[in-house]
Amino acid sequence: MTSWNHTVVTYFQFLPFSSIPEIQGSLFCLVLLMYLSTLVGNILIILITMVDAALHSPMYFFLKNLSFLEIGYTTSTIPKMLVNFLTQRKGISFLGCAMQMYAFSLLGITECCLLSAMAYDRYVAICHPLRYTTMMSWNKCFLLSAVSWLIGVLVALGQTTLIFTLPYCGPNRINHLFCDLLPLLKLACVDTYKNEVTTYVIAVFFITVPFLLIVASYIWILHTIFKLPSAAGKRKTFSTCSSHLVVVTLFYGSGIVTYLTPKAFYSSNSNKLLSLSYTLVSPMMNPLIYSLRNKEVKQALKRLIAK
């Protein structure tokens, strides 16, 4: 591997989303509006879960962590993206690119793990309600959250080191909206086959394994729900986990397509659109999903507004 000190490229330039200035301006306004909505919605979720005693439970502890992740996740990419929409020199320094990719990878992988922890919480609440307080103690909640963050920190560090110790000595134009794995690998001056395999292995393990744990949790949840005698009981029980299920679908849907699609089917244009989905649409929708589909959150929001 070539060290950073031997790297020729010190600056990366992003290709514009479109060559039409009007589209760039419209996209700036749209992304800015969505970003501000994401910040306001997730800050509000954090606020109400902190100040309302009725929401001091493991489920909302994880939700508060998720909202914090979403704020960092979007902030790691969107502000720089907005600047690039309005400037002619749409670029980022080599070190800035490495820092952006590290932050984005850290928060994304941590969110994968946290969503699986939230699925486990719903599994215990529905399948083992009488043992919920013992199986989901605060110590276990803090441990699950800490392990999620630790995995994110270590895996992101490994991925970033893997990408940015490659030699970049020629093209420096990234056909993407931010510094991401696959677009950067295409710019390296060496054969990146081993790096691509390693990237896919990491993606399969740290994206697919949490996803499979979520699927397993919901199989048991649905099995328990179907055994309930009344239709009203089934609807009420399922409503406690439906918000989480929608969030998982939004986040994993675009993430799996982006990072597990074979290279032969990789398309820069479609990847740009998908990147906006998992970096902006999903974080913006999460507060709406939890506030509109969750009675406790809606009641807490009303109490907060009343105060």
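Predicted model: local features only at pLDDT ≥ 70, side-chain atom pairs only at ≥ 80, totals over all residues.

I looked up residues 99–120: their end C-alpha atoms lie 32 Å apart, and the span is 100% helix and 0% strand. Helices here are DSSP runs of H or I with at least four residues, strands runs of E with at least two, numbered from the N terminus. Residues are numbered from 1 along each chain, and side-chain values use heavy atoms, without hydrogens and water.

The unreviewed UniProt entry lists 99–120 among its "transmembrane region" spans, including also 25–48; such annotations may be inferred rather than shown by experiment. For residues 25–48 I found end C-alpha atoms 35 Å apart, with 100% helix and 0% strand.

Next I checked packing. Helix α4 (residues 94–127) meets helix α6 (residues 138–164) at about 145 degrees, axes 7 Å apart; axes are lines fitted to C-alpha atoms over the stretch in contact, and angles run from 0 to 180 degrees between N-to-C directions.
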